[in-house]
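The following dialogue works through a few features of a model, pairing each general idea with its case.

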Amino acid sequence: MKSLQFKNKDLMPILGLGTWKLKTEEIYKTVRESINIGYRHFDCAFIYMNEKEIGSALKDAIDAGDVKREDLWITSKLWNSEHEKNVVVSALQRRLDDFGLDYLDLYLIHWPVATKRNVVFAREGSDFLNLEEIRLADTWAAMESCIEKGMTRHIGVSNFSIKKLTELLADCKIKPEVNQIELHPLFQHKKMLNYCSKKGMYITAYSPLGSRDRTPEMKATNEPDMFENPMVILMAEKYNCTPAQFLIAWAVNRGTAVIPKSTNPERLKLNFAATEIKISKKDLQQMESVNKHFRYVTGAFFEMSGSPYTVKNLWDE
Ligand code: A2P
């Protein structure tokens with residue numbers, strides 16, 4: 001399995017198991033199965049509401065001798081209600097307690113969006129705090145202290161635009177090492193890839209398969225299905241793989257980490273094997289024609305009457 005190497009020589013396996021939408025009853029089997037297949041990277045978050053269950057499956061795998069803690073890469077994310085600088089450290093401690101771990105490998109600010117402390121899901125505009133009231137730079141300073149306390153080995157962000165990254169880089173002690181964003185052939189983020197590569201940051205691609213298992217309220221009507229995209233089908237035939245495998249290989253061949261979610265043992269294996277597929281430069285170039293600037297996860301759930309957040313100012317587009 002390829003890895004991305006950090007400045008301190010830590011290695012993040014390029015493929016991780018996405019755990020968003022992994023249901024409580026599916027977790028144990030899926031985590032144990034994926035470890036047996038060879039998965040070592042698990043992408044988690046408080047808001048996926050399943051970290052305790054993931055932690056107990058990891059513990060059993062470690063106790064059974066299937067894997068060592070030091071060979072695992074565990075990512076989690078600070079939720080919107082935890083941005084206050086004096087809350088960040090205790091929130092991470094709760095996360096570690098849930099997992100039953102002493103440290104995380106990577107901890108990310110999940111969204112550049114803040115809500116009041118006890119509001120997990122914002123229902124009305126007044127549930128939010130704007131980014132002048134609660135500055136990302138202050139939240140970041142508390143993230144830095146999580147490194148200093150040894151609670152996580154690396155820190156980064158998720159869903160950050162180039163503008164927000166630039167502001168953060170101008171006002172930090174420890175640079176973010178990862179930006180996790182939605183990334184697939186329908187939204188190729190070429191500028192972001194160039195920007196992050198110049199700044200020495202890695203990108204993790206979420207929803208690489210289009211997250212077709214989102215709940216109906218998180219889906220728009222007539223969303224494009226990447227498995228049906230003619231170019232993806234053509235390429236999958238050329239590389240003798242499934243469309244899903246081609247999508248994973250596309251991400252890996254562009255040097256991004258990728259975190260497809262599956263609960264199906266056969267698909268877990270197919271996704272793992274996809275990291276070995278080499279795509280030619282010419283075909284990567286040809287794939288650029290598929291780009292549509294299309295997001296499955298638009299962030300529209302933060303846009304409501306009285307909310308300081310709009311889809312436009314979220315992505316700075
Ligand atoms: P399942 O869990 O039944 O395998 P994303 O990673 O973009 O969030 O997408 C996850 C969705 O893609 C899930 O519905 C998952 O279903 C499906 N999926 C994962 N791997 C494959 C695959 N190799 N072929 C087809 N569908 C897949």
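Q: How many Å is an oxygen atom of the ligand from a polar backbone atom of Thr263?

A: A polar contact is a pair of N or O atoms within 3.5 Å. In this predicted model, where local features need pLDDT of at least 70, side-chain atom pairs count only at pLDDT 80 or more, and totals for chains, interfaces and linings use all residues, an oxygen atom of the ligand is 3.0 Å from a polar backbone atom of Thr263. Residues are numbered from 1 along each chain as its sequence is written, and side-chain values use heavy atoms, with hydrogens and water left out.

Q: Which side chain has an N or O atom 2.8 Å from a nitrogen atom of the ligand?

A: That side chain belongs to Asn271. The protein covers 86% of the 570 Å² of accessible area that the ligand has on its own (Shrake-Rupley method, 1.4 Å probe).

Q: What is the strand order of the open sheet?

A: Strands of a sheet pair through backbone hydrogen bonds, either parallel or antiparallel. Here the order of the 8 strands is β3-β4-β5-β6-β9-β10-β11-β12, with parallel pairing; strands are DSSP runs (E, at least two residues), numbered from the N terminus, and two of them pair if DSSP finds at least two bridges between them. β3 (17-18) and β12 (257-258) each have a single partner strand, so one side of each lacks a neighbour in the sheet.

Q: Over how many bridges do β5 and β6 pair?

A: Strand β5 (residues 73-78) pairs with strand β6 (residues 104-109) over 4 bridges, in the parallel sense. Leu78 has Ile109 in β6 as its bridge partner.

Conventions. Polar contact = N/O pair within 3.5 Å; in protein donor to acceptor, adjacent residues only side chain to side chain.
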